[in-house]
Number of protein chains: 2
Amino acid sequence: MKKDIIFNLLKNSPKSLTAEEIYNDMSQTTDVNLSTVYRTLNNLVAKGEITKNVRQDKIAYFEIGDQHKHYMICDNCHTAFPTENCEIDKLARKLKRETGFNITSHTLEFHGICPECINKGTNK
Amino acid sequence: MKKDIIFNLLKNSPKSLTAEEIYNDMSQTTDVNLSTVYRTLNNLVAKGEITKNVRQDKIAYFEIGDQHKHYMICDNCHTAFPTENCEIDKLARKLKRETGFNITSHTLEFHGICPECINKGTNK
DNA sequence: GTGTACTCGCAAATGATTTGCGTATTTTTT
DNA sequence: AAAAAATACGCAAATCATTTGCGAGTACAC
């Protein structure tokens with residue numbers, strides 16, 4: 001079943017993956033269709049086994065739920081740098097307490113210019 | 001010039017607006033095309049006069065740069081509730097210090113079920 | 001064996017956003 | 001004020017990630 005291949009790809013990846021990245025990767029060894037990848041990914045999200053996160057580039061990034069990372073994205077070279085220790089949960093709990101809104105997830109994304117691009121001076 | 005109408009709509013709105021909301025609104029008094037709205041909005045973003053934020057629903061929300069709000073979005077009724085006092089800037093400064101990444105903006109979005117939907121029990 | 005439920009591929013559909021192009025309208029330059 | 005250069009805009013077609021309808025293949029149950 002291709003669901004397992006997809007799930008394992010996500011499991012073994014240190015970073016979140018796009019449907020297309022997954023598709024390209026598994027295409028090398030398996031005969032698969034892109035829509036199958038999307039379909040499977042959505043099933044996994046529905047079951048709560050993985051997490052889907054739509055970034056500002058409008059592309060959805062998938063990852064195994066518990067690895068929860070946020071990224072600093074360079075607007076110049078478009079590299080996504082993961083940040084450690086998400087400190088938003090504290091804020092989420094506070095909001096939950098104050099508003100009664102049952103927060104189940106959140107997304108956080110930083111934008112700017114990465115050190116490398118700053119040094120290179122390639123940013124316009 | 002339609003740029004002014006669009007800018008004023010954003011200026012007078014307490015919440016961020018989508019291109020379509022702006023289009024519907026100004027259509028009542030002005031003859032305008034949706035692509036003009038998008039084009040104008042992108043110009044304003046390029047000039048740094050307004051801010052564009054792509055939410056998980058893949059729709060871009062625009063607002064005047066300085067009103068910076070984050071939202072709690074109900075996955076049931078899809079209403080976006082603004083949250084006050086963004087406390088991310090502190091975290092952003094810390095990241096900047098630790099990594100040298102020049103953070104210029106960020107996006108934060110909470111998801112869950114709003115109090116109203118919890119009470120109504122309309123969430124599946 | 002036959003029914004029921006998935007799993008998939010393929011092609012076509014979506015939906016927000018963008019773009020090419022030709023036509024106004026405005027602004028700048030003589 | 002006329003000519004030239006720059007913008008603003010409408011319209012239709014294009015994009016692009018993602019979704020969906022449909023039909024075929026496969027698996028497990030009764």
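## Strand pairing across the chains

A:His111 stands opposite B:Ser105 in β6(B). That position belongs to an antiparallel pairing in which eleven bridges join strand β6 (residues 102-113) of chain A to β6(B). Strands count as paired if DSSP finds at least two bridges between them. The elements named here are DSSP runs, numbered from the N terminus: helices (H or I) of at least four residues and strands (E) of at least two.

## Basis of the model

This is a predicted model, in which local features need pLDDT of at least 70 and side-chain atom pairs count only at pLDDT 80 or more, while totals for chains, interfaces and linings use all residues. Residues are numbered from 1 along each chain as its sequence is written, and chains are lettered from A and ligands numbered from 1 in the order in which they are written.

## The side of chain B that touches chain A

In total, 28 residues of chain B are in contact with 28 residues of chain A; contact requires C-beta atoms, placed from the backbone, to lie within 7 Å. At least two residues of this side of chain B come from each of β5 (80-83), α4 (88-99), β6 (102-113) and α5 (115-120) of chain B. β6(B) gives the most, with twelve residues.

By class, this side of chain B has 14 nonpolar, eleven polar and three charged residues. Nonpolar covers Ala, Val, Leu, Ile, Met, Phe, Trp, Tyr, Cys and Pro; charged covers Asp, Glu, Lys and Arg; the others, Gly among them, count as polar.

## An open sheet in chain B

Chain B also holds an open sheet of three strands in the order β1-β3-β2, with antiparallel pairing. Its edge strands, β1 (17-18) and β2 (50-54) of chain B, each pair on one side only.

Two bridges join β1(B) to strand β3 (residues 60-64) of chain B, and these strands run antiparallel. B:Leu17 stands opposite B:Phe62 in β3(B).

Note on methods
Two residues are in contact if their C-beta atoms, placed from the backbone, lie within 7 Å.
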